[in-house]
Amino acid sequence: MAGLLLAVAHTVFAEQRVAYLKYQRKNIPESEKDVSRAPMRLPIDVVYDTDTYKIEINGNTSIDAEVFLYNEDDILEDYSSSLDTDFTIPAPGIYIIRIEGDGWYAEGEIEV
């Protein structure tokens with residue numbers, strides 16, 4: 001009975017935290033630049049699961065992008081050549097997620 005209560009208590013305290021991304025266009029030479037003031041919106045979700053200690057990145061499979069995970073000291077912790085991926089977090093801290101596509105990038109930060 002005590003084991004069951006501990007398992008339920010652990011599940012109750014598990015949560016998922018969402019990382020919000022800021023999207024930017026990459027620098028384009030002046031001669032080719034279009035004026036666009038609308039923010040980019042892409043269907044990409046970044047969630048940290050406190051139960052599994054993983055940051056999960058999911059998006060539309062038609063989006064071709066690379067994902068980089070940096071720690072708070074700006075040191076690369078992990079990398080994926082595809083958008084749908086997850087990273088196991090080695091230690092608590094602040095992590096920066098950078099997603100790079102063709103002509104754009106997105107950055108967000110999450111504290112774990």
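Student: Is Tyr23 buried or exposed?
Tutor: This is a predicted model, and Tyr23 lies in its strand β2. Buried means under 20% relative accessible area. Tyr23 has a relative accessible area of 16%, so Tyr23 is buried.

Student: How far apart in space are Tyr23 and Ala106, C-alpha to C-alpha?
Tutor: In sequence, Tyr23 and Ala106 are 83 residues apart. Strand β2, which holds Tyr23, pairs in the antiparallel sense over four bridges with strand β9 (residues 104-111). From C-alpha to C-alpha, the separation of Tyr23 and Ala106 in space is 4.2 Å.

Student: Which residue in β9 is the bridge partner of Arg25?
Tutor: Strands of a sheet pair through backbone hydrogen bonds, either parallel or antiparallel. For β2 and β9 the sense is antiparallel, with four bridges. The bridge partner of Arg25 in β9 is Trp104.

Student: Which strands stand at the edges of the open sheet of five strands?
Tutor: The order in this sheet is β2-β9-β8-β5-β6, with antiparallel pairing. Its twist averages 20 degrees from one strand to the next. An edge strand has a single partner strand, so one side of it is left without a neighbour in the sheet. The strands at the edges are β2 and β6.

Student: Why is the pair of Phe68 and Tyr70 classed as it is?
Tutor: The structure holds two aromatic pairs, and Phe68 with Tyr70 is one of them. Their ring centres are 6.4 Å apart and their planes stand at 20 degrees. Planes under 30 degrees apart count as stacked. The pair is therefore stacked.

Student: What is the pair of Phe68 and Tyr79 called?
Tutor: Phe68 is buried, with a relative accessible area of 14%, whereas Tyr79 is partly exposed at 36%. The centres of their rings are 5.0 Å apart. Their planes are at 50 degrees, so the pair is tilted.

Student: How many residues apart in sequence are the parts that Phe68 and Tyr79 tie together?
Tutor: Phe68 lies in strand β5 (residues 65-71), and Tyr79 lies in strand β6 (residues 76-80). Both residues belong to one aromatic cluster, together with Tyr70. The pair therefore ties together parts whose separation in sequence is 11 residues.

Student: Where is Glu100, which meets Lys26 in a salt bridge?
Tutor: The side chains of Lys26 and Glu100 meet at 3.9 Å, N to O. Lys26, partly exposed at 30% relative accessibility, is in the loop between β2 (22-25) and β3 (44-49). The pair links distant parts of the chain, 74 residues apart, and Glu100 is in strand β8 (residues 94-101).

Student: Is Arg98 buried or exposed?
Tutor: Arg98 forms a salt bridge with Glu100, the closest N and O atoms being 2.7 Å apart. The cut-off for a buried residue is under 20% relative accessible area. Arg98 has a relative accessible area of 19%, so Arg98 is buried.

Student: How far from the ring centre of Tyr105 is the charged end of Arg98?
Tutor: Arg98 also forms a salt bridge with Glu107, with the closest N and O atoms 2.7 Å apart. Glu107 counts as partly exposed, at 33% relative accessibility. The charged end of Arg98 sits over the ring of Tyr105, and its distance from the ring centre is 4.1 Å.

Student: Which residues are linked in a network of salt bridges?
Tutor: The structure holds three salt bridges. Glu100 meets Lys26 in one of them and Arg98 in another. Arg98 also has a salt bridge with Glu107. The network links Lys26, Arg98, Glu100 and Glu107.

Technical notes. Residues are numbered from 1 along each chain as its sequence is written. This is a predicted model: local features need pLDDT of at least 70, side-chain atom pairs count only at pLDDT 80 or more; totals for chains, interfaces and linings use all residues. Side-chain values use heavy atoms; hydrogens and water are left out. Rings of Phe, Tyr and Trp (its six-membered ring) pair if their centres lie within 6.5 Å; planes under 30 degrees apart count as stacked, over 60 as edge-to-face and the rest as tilted. Buried means under 20% relative accessible area, exposed over 50%, partly exposed in between (1.4 Å probe, protein chains only). Helices (H or I, at least four residues) and strands (E, at least two) are DSSP runs, numbered from the N terminus. A charge sits over a ring if NZ of Lys or CZ of Arg is within 6 Å of the ring centre and within 35 degrees of the ring normal. A salt bridge is a side-chain nitrogen of Lys or Arg within 4 Å of a carboxyl oxygen of Asp or Glu. Two strands pair if DSSP finds at least two bridges between them. Axes are lines fitted to C-alpha atoms, for helices over the stretch in contact, and angles run from 0 to 180 degrees between N-to-C directions.
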